[in-house]
Amino acid sequence: MKYSFLPLFAAAVIFTAGCQSKSQSNSTDKNTKDSLTATTDGGNTLPTEETQAATGDISKMKVADAKTILARKQVPILCYHQVRDWRPKDSKGAKDYIIPIATFKDHMKMLADSGYHTILPDQLYDYLNNGTQLPSKPIMLTFDDTDLDQFTIAAPEMKKYGFKGVFFVMTVSIGRPNYMSKDQIKALSDMGHVIGSHTWDHHNVKKYQGQDWVTQIEKPTKTLEEITGKDIHHFAYPFGLWNPEAIPELKKRGMKSAFILATKRDENDPLFTIRRIIASGYWSSKTLSNSIKNSF
């Protein structure tokens, strides 16, 4: 998170500790576990007809009941922010959100060596909603807040292993110093990564009223669609904070899924409370590996 734009940084730091706590996974039977296999291409599942169809009219899509979705084994999802070396002025709390370059490289190598295959949001949606098969050891890599180092450092490192990721963009930052430009965001999309919505200026979704839904969700989403030339159907809540009132507003604006952090999923709308864990700057590759196993 870039603190010059985020007056709520203090709240984010406080929330971080909770984001990294272990959460209980939903119990699943053997059939669910066996469904996590599929043909892959370069470490990523080949697009299915269901995935392609899922980019149409959201209101006409059939959604599985919550009990069915919650019964499926959770897929590990990592959340990264800044990828750069620590600086003397970085606070202890900020370092959770800033992963040193060598550490990030170690993370990617560990995931590749451990046999993880990256998946993208439409694949995850198809799995959770329809039971569509995923590759062995699926994982999702997500990046919040539009930081330039995600394009210059993270994406090239991921490319070495055939990994694809999801970049949740807050549009107020586009083109500003140390943030990605429109051309860089489009380049990520053209490379096969997914661009998701992350509000206009990272304002807490729980505080939205009236016009806020247009300013923070509707307009930024249209901006990203104009940049990428693709529909935007996936959203990440700033700070991972959400409330039930947000979900119908997101659905109205074409969202198929929304991502929180490590708190409990909603029992009524699990597709709009998909869990992630923050990949802390303090974590070695071994710690990350253990956290993935313990959190999902």
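**Loop residues**

I started with Thr146, which I found in the loop between β7 (138-144) and α7 (148-159); helices (H or I, at least four residues) and strands (E, at least two) are DSSP runs numbered from the N terminus. This is a predicted model, where local features need pLDDT of at least 70, side-chain atom pairs count only at pLDDT 80 or more, and totals for chains, interfaces and linings use all residues. Residues are numbered from 1 along each chain as its sequence is written, and side-chain values use heavy atoms, with hydrogens and water left out.

Thr146 is not a glycine, yet its phi is positive, about 75°. Buried or exposed, I asked of Thr146? Thr146 counts as buried at 1% relative accessibility (buried is under 20% relative accessible area, exposed over 50%, partly exposed in between, with a 1.4 Å probe and protein chains only).

I located His202 in the loop between β9 (194-197) and α9 (212-228), and its relative accessible area of 2% makes it buried.

Pro244 sits in the loop between β10 (234-236) and α10 (246-252), and is exposed at 52%.

**Strand β9**

I checked both faces of β9 and found them covered: Val194 and Gly196 are buried on one side, Ile195 and Ser197 on the other. Strand β8 (residues 165-169) runs parallel to β9, joined by four bridges (two strands pair if DSSP finds at least two bridges between them). Phe168 has Gly196 of β9 as its bridge partner.

**Core**

Next I looked up the largest nonpolar core, which has 67 residues; such a core is a set of buried Ala, Val, Leu, Ile, Met, Phe, Trp, Tyr and Cys residues joined through side-chain atoms within 4.5 Å. Among those with the most contacts inside it are Leu78, Phe104 and Tyr237. Leaving aside neighbours within four places in sequence, I noted that Tyr237 touches residues including His198, Trp242, Phe259 and Phe272 (contact means heavy atoms within 4.5 Å).
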